Amino acid sequence: MGVADKESVRLDRWLWAARFFKTRSLAARAIAGGKVQVNGRRVKRAKLVHVGDTLRIRRGPYEYAIAIRAIGERRGSATEASALYDETPESRRARETMAVQLKTVAATSFRTKGRPTKRERRNIDRFKGRS
């Protein structure tokens, strides 16, 4: 049975085939944790999804809003997986904005050289009134 012959497939299997999760067990865990919604509803992993269903998937700080374009049961290459769904432009924009925000936060974080030097320790001691 080919991809076009199938009308529906289990949600966890589709998420795995579309490469949103590395394993089906990770997909099932995300579904059980409420991180995946089908047509605006929280569902179980055995829920059958069809072409035209909308999914909302949260992975870390990112959220995907997609529409299922094709049913896939087998995991293939990334290009094959991207052919299984269409992401909304708003979702893509929100993810790109979030990525930029995360990069700027990481870039502005304070990083020290390590342990203070002897001179810096003396200044710290003076400041704290120890000497």
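This is a predicted model: local features need pLDDT of at least 70, side-chain atom pairs count only at pLDDT 80 or more; totals for chains, interfaces and linings use all residues.
View A. Look for Asp53 in the loop between β4 (48-50) and β5 (54-59).

**View B. What the Asp53 side chain does reach.** Which backbone atom does the side chain of Asp53 reach? That's the backbone nitrogen of His50, at 2.9 Å. There's also a polar contact between the side chains of Asp53 and Asn39, at 3.3 Å. Setting aside neighbours within four places in sequence, Asp53 touches Val38, Asn39, Leu48, Ile66, Ala67 and Ile68.

**View C. Asn39 and Arg19, two non-glycine residues with positive phi.** Asn39, the polar partner of Asp53, has a phi near 50°. Asn39 belongs to the loop between β2 and β3 (41-42).

**View D. β5 with its antiparallel partners β2 and β6.** On one side of the story, β2 (residues 36-38) and β5 run antiparallel, joined by 3 bridges. Val38 in this pairing faces Leu55 of β5. Then there's β6 (residues 62-68), which pairs with β5 over 6 bridges, also antiparallel. Here Ile57 stands opposite Tyr64 of β6. β5 and β6 make a hairpin with 2 residues between them, and Gly60 in the turn has a positive phi of about 65°.

**View E. The largest nonpolar core.** Nonpolar side chains tend to be buried together in soluble globular proteins. This core has 23 residues, and those touching the most other members are Leu11, Trp14, Leu15, Phe20, Leu55, Ile57 and Ile66. At least two residues each come from α1 (11-17), α2 (24-32), β2, β5 and β6. α1 gives the largest share, 4 residues.

**View F. Phe20 and its contacts.** Phe20 is one of the core residues that touch the most other members. Beyond neighbours within four places in sequence, Phe20 contacts Trp14, Leu15, Ile57, Arg59, Tyr64, Ile66 and Tyr85. Ile66 turns up in the contact list of Asp53 too.

Notes: Residues are numbered from 1 along each chain as its sequence is written. Side-chain values use heavy atoms; hydrogens and water are left out. A polar contact is a pair of N or O atoms within 3.5 Å; within protein, one must be able to donate a hydrogen and the other to accept it, and residues adjacent in sequence count only if both atoms are side-chain atoms. Contact means heavy atoms within 4.5 Å. Two strands pair if DSSP finds at least two bridges between them. A nonpolar core is a set of buried Ala, Val, Leu, Ile, Met, Phe, Trp, Tyr and Cys residues joined through side-chain atoms within 4.5 Å. Buried means under 20% relative accessible area, exposed over 50%, partly exposed in between (1.4 Å probe, protein chains only).
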